[in-house]
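Visitor: I have the sequence and the model open. Please take me through it in questions and answers.

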Amino acid sequence: MADTAIAHGHDSGHGAHVTSTGLSNNKLAMWMFLGSECLLFGGLISTYMLYKGRVNSGPQPDQIFDIPFTSVSSFVLLMSSLTMVLAVSAAQRKDDRNTNLWLTITALLGATFVGGQVYEFTAFYREGLGFTTSLFGSSFYTLTGFHGVHVSVGIIMLMALVGMISRNRIPGNKAESVELVGLYWHFVDIVWIVIFTLVYLIPS
Amino acid sequence: MAIIERPSSEVAIAGGSTVGVKPSEALGVFKRPAASTSWRDWIVTVDHKKLGIMYGVAAFFFFIVGGLEAVLIRMQLIAPNGKVLNADQYNQMFTMHATTMVFLFVMPMAAAFANYFVPLQIGARDVAFPRINAFGFWCFLFGGIFLNTAWFLGGAADGGWFMYAPNSSTLFSPSHGIDFWSMGLQITGIASLTGAINLIVTILNMRAPGMKMMRMPIFTWMVLVVQFLLLFAIPVITVALFLLTFQRSFDATFFDVASGADPLLWQHLFWIFGHPEVYILILPSFGIVSEILPVFSKKPLFGYPIVAMSGAAIGFVGWGVWAHHMFASGLGPVSVTVFSMATMAIAVPTGVKIVNWVMTMWGGKLQFTVPMLFSIALVVQFTIGGLSGVTHAVAPSDTQQTDTYYIVAHFHYVLFGGAIFGLFAGFYYWWPKMFRKQLSESLGRWNFWLMVVGMNMTFGPMHMLGLQGQPRRMSVWTEARAGEGFFNLGFWNRISSIGSLVLSLGVLLFIINVVYTHKSKKVAIAPLDPWDGRTLEWMTDSPPKEHNFDTIPTINNLDEFFHRKYAQDATTHEITQVATAEEVLAEMNAHPDEHIHMPSRSYWPILLALALPIIGYGLIYNRVILAVGVAMVVATMFGWAMEPSTAADDDFDPPAPGDGGGHTKELAPLG
C-alpha cells in the first residue's frame, strides 16, 4: 500500500507539492493516526483479556458465543476490504462511476456487519449478559462496541465520500481521499481479525 | 510588490472598491472569514504563530490558577492542625493543582513553543494542518475551562492526579468532580493527539530544502520525540478514562472489586500513559536549553547527534519503566526487578545530556543573561531531581519513600526545576523574536533569583519531611508527632510554606516584567538578532511575517544562521564575522517568492471544539444536551470537510497587468 502511495502521490495537478519524505501530508497523518489507534485497541483488548474469565454472575463466554454466525459476519467485513480495494483502484483510474459503486457496496457490507453486531448484542442481552452483569460483560461490550463505532464511523465516511464525489465537492486530490478512507477501513478490518481471534476463537 | 495575495473581501465589500477579490464561497456554509486586525481574527486564525501565542497566554493563565492552588495547600500546612481548607477541599486542591500544572500548563506551554518555533526552525511557512492546529488549541482551552467549571458545580475532582481505582468510584467520590476530570482530560487529550499528528507531519514533511534530520535544531528534535510519545501515550489514557467514565456513568464493573475486578488495571493503564508523560513534560525544556546554552557559550552544542539520539533513547526506554510507580503494589519480584533495572537504565541517556550541556559551556565565553541563568539552573536543579529519581529506581528504597513528601520533592525538582525553568528560559530567550521587545534583564534577574531561592526553599525541605515519614496528601499534621530538633516537621513545613510565597513573588515579577516591557516607553525595540542566534528562527523578521520567510532558505549546515554570519579561516581556524543579521536577511529578501498561498482562516475549528464540552455536560446532566453536542460535532465536521483549506486560486491570483500568470508556486500546505 505504501509503495502505491508513493507511486501515485503526485500525479494530480492541484494540491500536490513536494514534501521532504515524498509521502503526502494527508497520508502521513493518516498513518500516524492509525498508529495511535493501535494503542487504543491495545488497551481495550488488554482489558478484555484480563477480564474475560471473570464471571460472577450471568453467562460465560463459551455459553453465549455463536461462532458460525459471527464467522459469517466477519467474512462479510473482510470482503468489504476487497471491495474497498476495488474502489481505490477505480478512483486512481479516475472512474467516478465505479468508485461510487464499490464504495457503496463497501458501506453496505460494513452495515451488514454492524447489523449483525446489533443482532448479536440483542441476543446476548436476552440470554442474560448485560453491560453491568459481570466483568466479562463490561469488557466485551466495551471492546466490540468501540470496534462497532469505528465501523460505523467508516460507513459514514464512505457514504459522505459517495455523496461528495457524485456532487463533485471533494477539495484536493480525489483519489487520495478515497485511499485515505480505504486505509482507515482496512485498519478497522485488521483489528477485527485480532478481536475475532482473541475474543471468539480462543476458549477462555 | 505585495507578495501575499489573499482574499480581502471585507475591505472590498465595505469600501465598495472594485479591486477586491471575493473569497471562495462555493463550498462553505459560511463565507470564509477574511483578513482583519480585530479580535475576530484571533477566533478564526489558523496562523501557527498566533496560535502559539494563544496557547502561551491560556497556559500561563492556568499556571496562575494552579499556582494559587499550590499556595493554598502550603498555607494549610504552614502550622499544625491547619484551618485554611477542610479535608475535602484539600483533596480537591491537590488533585486540581497537579492536573492543572501537568495538563493545562506545562503541556500546552510546550505546545506554545512548538507551535511558534518548529515551523520557523525548519524553514516552513506554517504547520501541515493549520485548521487542525487551531482545533487543537480550542480543544485545550475549552477542555481546561470545562475541567475547572467543576469547582462551581458541586466540587472538583478529589482522587489525586492519578485517580486510583477503586477510590475514584461514585461510592468514594459522589460529586461530579471526577466526571468533569475524566471528560475534561479526554477533550484536552484530543488537543494533544491532533497536535502530535500535526507536528510530526510538519517536521517530517515540511523541512526546507537541505534541512536534513541531522541538521534540525535540537528543540525541533525534542519536539518530534515528544509528539511520538504523545501519539502513543494519549490513546492509552483515553482507554483508561473511557473505562472510568463507563464505570461512573453507566455502572460498568471495571474497577468494582466486589465483581472480581483488579484495581491494578487502572494503575497499569494510567502509568503506561503516565510515565511517557513525564518525558513529554521535560523533553521540550531540554530542547529549549539545548538551544540557549550554545548561544550564550559562543560554542556549538557539544555532541549534537548524541543529544538528539539520547532524547530519542529516553523516548524509547520511557515506555518500559511505568511500573516503578507501582513498586508498593505487590507486583512480584520479577516485575519489580525488570522495572527497577529499566529505570536505572534511563538515567544513562539523561546523564549523557547533562554531560553534553556542561561540555557545551566548558571553555566557552559565557554570557550570564537571564535565559542563560534559567538554563544553567535547569541543569543544576534537574540533576538534583534526577539523583533523587535514581533512589526511586532502587525498589527497597522506593517502597520506603512511596507516598511520602520525598516523592513530592523529587518530582517538583524535575518538573519545576527542570520543565518550568526551561520554559522560563524560553520566555526570556524568544520574547524579542515574538514581540520585538526584550524583557528587562534587571527585573529578569530578580525574577530568576527569587524563583531559584523560592523553589529550593519550598521543595528542598520536602526531602527531609518525606524521609521523616510525612505522607503526601494529608490535610493536616499534628505537633504531637512532629519530631524533635533538626528533624522537626513543623520547622521544615514552615520553611517550605514561606518558600512557596517567595516563589510566587518570583512569578509575579515575571508578570510585572512583561507589563513593564510592553507599557514603558523606555524599553526600545530589540535588535533583529539580540543574542547572536544560531538557528533559523532568527533568520527572519521579528516578529516574523505571516508567511515566515520571504524566500524559503536552502540549508547547508547545522546552525545555518551562524554559518551565514561567520566564516572560519582555512589556515588559522580563526572565526570571523562576515555578515550581520540584517545583511543576511536583506540578501534573503532580495528575491522574494511570488504567489505565496497561505491557508485561509476558518470558523470550523472553534465550532467543532465548542461541541465537545457540550457533549461532556450532556453526559453528566442531560441526554438532550448530549444530543445537541453530538449533532454539532457531525454538522461541523461536514462543514469542515467541504471547506477547502485554501481559497480557490482565482481568489489569490487576480490577473494583474504584466503578470505572465500560470506558474503558481504553491508553498503553503493543504490540510
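Visitor: Which residues does B:Thr551 touch, not counting residues up to four places away in sequence?
Guide: This is a predicted model, where local features need pLDDT of at least 70, side-chain atom pairs count only at pLDDT 80 or more, and totals for chains, interfaces and linings use all residues; side-chain values use heavy atoms, with hydrogens and water left out. Residues are numbered from 1 along each chain as its sequence is written, while chains are lettered from A and ligands numbered from 1 in the order in which they are written. Contact means heavy atoms within 4.5 Å. By that rule B:Thr551 touches B:Arg125, B:Met588, B:Asn589, B:His591, B:Pro592 and B:Asp593.

Visitor: Is B:Thr551 buried or exposed?
Guide: Buried means under 20% relative accessible area, exposed over 50%, and partly exposed in between (1.4 Å probe, protein chains only). The relative accessible area of B:Thr551 is 17%, so the residue counts as buried.

Visitor: Where in chain B is B:Thr551 found, and which backbone oxygen lies 2.4 Å from a polar atom of its side chain?
Guide: B:Thr551 is in the loop between helix H15 (489–519) and helix H16 (560–565) of chain B. Helices (H or I, at least four residues) and strands (E, at least two) are DSSP runs, numbered from the N terminus. The oxygen 2.4 Å from the side chain of B:Thr551 belongs to B:Met588.

Visitor: How many residue pairs are in polar contact across the interface of chain B and chain A?
Guide: In the interface, 44 residues of chain B are in contact with 39 residues of chain A. A polar contact is a pair of N or O atoms within 3.5 Å; within protein, one must be able to donate a hydrogen and the other to accept it, and residues adjacent in sequence count only if both atoms are side-chain atoms. Between chain B and chain A, with both residues at pLDDT 80 or more, the number of such residue pairs is 14.

Visitor: Which element gives the most to the side of chain B that touches chain A?
Guide: Helix H6 (177–205), helix H7 (218–250), helix H8 (264–297) and helix H19 (623–642) of chain B each give two or more residues to that side. With 11 residues, the element that gives the most is H7(B).

Visitor: How many helices does chain A have?
Guide: Along the sequence, chain A reads α-α-α-α-α-α-α. Chain A has zero strands, and its helices number seven.

Visitor: What percentage of the residues of chain A count as buried?
Guide: The C-alpha trace of chain A spans about 60 × 35 × 25 Å along its principal axes. Of the 204 residues of chain A, the buried share is 53%.

Visitor: Is A:Gln63 buried or exposed?
Guide: A:Gln63 lies in helix H3 (residues 61–64) of chain A. Its side chain reaches the backbone nitrogen of A:Gln60 at 2.6 Å. Because its relative accessibility is 55%, A:Gln63 counts as exposed.

Visitor: What is the separation of the C-alpha atoms of A:Gln63 and A:Ser74?
Guide: Along the chain, A:Gln63 and A:Ser74 are 11 residues apart. The separation of their C-alpha atoms is 20 Å.

Visitor: What is the relative accessible area of A:Leu78?
Guide: A:Leu78 lies in helix H4 of chain A. A:Leu78 counts as partly exposed because its relative accessible area is 34%.
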